[in-house]
Amino acid sequence: MMKMKKKVMTILMVPYPAQGHLTPMLHLASSFLHLHDHNDYYTFSPALLLPHFLHRQISAATTTNVDPRIFLVPIPPPDEEEQSAAAPPPPGDFFAIDKAIEEITTAAGQMEAVVRRYVVINDEDAAGVCMVVDLLVSSAIDVARRCGVPVAGFWPAALLTYRLIAGIPRLVAAGIIHPHSGIPKHPGAPIIDLLPDQPPLSTDDLPWLIGSPAARKARFKFWTKALNRSTTLQCLLVNSSPDEFHHHQHQQPQVLQIGPLTAQQTPIASSSSSSNRITFWDQDSSCLQWLDTQKPNSVLYISFGSWVGPIGEPKVRSLATSLDAIGIPFLWVLGPTWRQGLPRGFEHDLSVSQRGRLVTWAPQMEVLKHGAVGCYLTHCGWNSTVEAVQCRKRMLCFPVAGDQFVNCRNIVEKWRVGVELSGFGRQELEEGLEKVMGDCEMNGKLESLYELSLGKEAKCRAVANLIAFVDLLI
Ligand SMILES: O=c1ccn([C@@H]2O[C@H](COP(=O)(O)OP(=O)(O)O[C@H]3O[C@H](CO)[C@@H](O)[C@H](O)[C@H]3O)[C@@H](O)[C@H]2O)c(=O)[nH]1
């Protein structure tokens with residue numbers, strides 16, 4: 001029998017312009033490339049639609065390595081853009097990014113023109129177009145609707161955080177938060193019944209409670225807008241393992257857990273995805289040689305992620321002083337601006353003693369895989385959390401903002417693979433380290449969690465969900 005030629009389905013993907021969002025979406029794109037082995041009719045051609053400032057930043061980064069079958073499409077296309085010499089700096093904060101995105105996704109904005117160009121491609125091999133949109137870029141859902149393109153949402157973080165956001169109407173109805181500001185009526189009150197088997201959460205963990213009262217209100221508005229747009233979605237791809245929570249839900253959108261998507265281990269591909277990497281900053285790989293000189297399990301790796309404001313100068317100073325006093329070897333990711341918080345002479349002393357290393361950006365996966373790293377002091381960003389589990393590293397948790405408090409509850413209270421740090425004073429750090437390194441059950445717990453979320457069975461279910469997504473959308 002003659003084999004049918006497969007048609008090409010274009011998947012236009014819209015990531016949010018932050019490292020912790022772009023990375024999992026790139027892994028998802030890579031998974032789509034491999035889906036053709038699981039589908040008799042289609043192959044899939046992913047293209048990432050990137051705001052021009054993000055595209056420019058990526059093009060300038062030296063550690064960009066993307067499978068050539070994944071297209072990176074700037075919005076607007078460069079010919080319509082100003083000369084790069086005149087290009088304004090990228091938007092600096094959450095609200096400026098949101099404004100920039102809303103501008104390119106309006107009816108008159110340039111994203112719609114780009115999507116329409118894909119829609120009209122009249123090629124006999126082309127099967128059509130669909131879109132996958134990060135919920136933080138929810139205005140792109142409207143673009144898809146106006147262009148008549150099927151669209152799914154993408155949630156790059158934990159399912160539990162999504163359930164908190166999706167639970168806003170219930171939190172309002174139950175009188176737990178103020179309807180217009182999202183501010184809890186009773187700080188610290190428990191939040192129950194979002195997911196079976198969830199760790200204890202309180203109103204202090206709500207992800208929009210960041211910054212001043214006005215900023216909190218604005219973030220709450222941002223989420224209610226995203227939530228309203230998302231209710232029109234047929235399905236939402238969530239970057240959590242299907243086995244992480246048993247989740248039965250009959251609401252729209254239908255949740256499909258297709259993760260966790262990590263470097264070198266998307267559910268569907270184990271090798272080729274490792275070549276897909278975009279990092280916004282140059283990695284300092286020399287720290288790996290320094291790690292080679294350290295004893296097994298002796299080094300504390302410290303990183304507070306890429307996006308949300310780091311911990312602030314006083315905390316930087318306090319952590320540096322405590323590290324000095326305790327004398328533990330450490331590898332600390334600390335950007336140049338935040339180094340102003342370091343005690344006088346700290347960097348110089350370090351370069352003489354070689355007792356620790358400061359880097360502006362580390363090859364995090366390689367660092368976490370290294371046998372010298374015994375523990376990871378983390379802000380509990382979702383990608384970092386998953387990577388720590390993948391590398392079976394214990395965590396000292398210091399959540400800073402957003403979903404990180406929810407992730408911390410999972411790590412400390414549900415999975416028991418980490419300890420929450422109460423502060424950066426010497427005693428607090430010493431006690432935290434003793435607790436996390438002295439727990440004899442943690443290795444076993446990390447192994448089981450790895451198996452549950454990244455093991456063979458979990459991967460099979462994630463792939464099955466990805467296949468279900470294709471059937472749903474096409
Ligand atoms: O020196 C470094 C530090 C980090 N990373 C990588 O950067 C990513 C960081 O992602 P994540 O841990 O999720 O943190 P953020 O970049 O801060 O992510 C934002 O987005 C996440 C997904 O929505 C949220 O969970 C976080 O709270 C939010 O801050 C990870 O893949 C790390 O491997 C490096 O490669 N080198």
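This is a predicted model: local features need pLDDT of at least 70, side-chain atom pairs count only at pLDDT 80 or more; totals for chains, interfaces and linings use all residues.
For the classification used here, Ala, Val, Leu, Ile, Met, Phe, Trp, Tyr, Cys and Pro count as nonpolar, Asp, Glu, Lys and Arg as charged, and the others, Gly among them, as polar. By these classes, the shell around the ligand comprises 9 nonpolar, 12 polar and 2 charged residues.

The ligand is surrounded by 23 residues. Ser306, Ala362, Ser384, Glu387 and Asp403 are the closest of these. Two domains take part in the site: domain 1 (7-279 + 455-473) and domain 2 (286-453) each contribute at least three residues to the shell. In terms of secondary structure, at least two shell residues come from each of α1 (19-34), β12 (299-303) and α13 (382-390). The greatest contribution is that of α13, which provides 4 residues.

At Ala362, the backbone is involved: one of its N or O atoms lies 2.7 Å from a nitrogen atom of the ligand. At Ser384, by contrast, the side chain is involved, with a polar atom 2.5 Å from an oxygen atom of the ligand. The side chain of Glu387 likewise has an N or O atom at 2.6 Å from a ligand oxygen atom. The ligand taken alone exposes 690 Å², of which the protein buries 95%. With regard to its location in the protein, the ligand sits in the largest cavity.

Local backbone geometry was examined next. A cis peptide bond joins Ile75 to Pro76, with omega near -5 degrees. Pro76 belongs to the loop that runs between β4 (71-75) and α3 (94-105). The peptide bond from Gly259 to Pro260 is also cis, and its omega is likewise near -5 degrees. In this instance the proline, Pro260, is located in the loop between β10 (254-257) and β11 (277-278).

A further backbone feature concerns Asn297, which has a positive phi of about 60 degrees although Asn297 is not a glycine. This residue is placed in the loop between α9 (286-292) and β12.

Key:
Residues are numbered from 1 along each chain as its sequence is written. Side-chain values use heavy atoms; hydrogens and water are left out. A residue is near a molecule or strand if one of its heavy atoms lies within 4 Å of it. A polar contact is a pair of N or O atoms within 3.5 Å; within protein, one must be able to donate a hydrogen and the other to accept it, and residues adjacent in sequence count only if both atoms are side-chain atoms. Accessible areas come from the Shrake-Rupley method with a 1.4 Å probe; for residues, only the protein chains shown count as cover. On a 1 Å grid over the protein atoms alone, a cavity is a set of points where a 1.4 Å probe fits but cannot get out, and a pocket is an open set with protein on both sides within 12 Å along at least five of seven lines; lining residues have an atom within 4 Å of a point. A molecule sits in a cavity or pocket if more than half of its atoms lie within 2 Å of its grid points. Domain bounds come from an automatic or database domain assignment.
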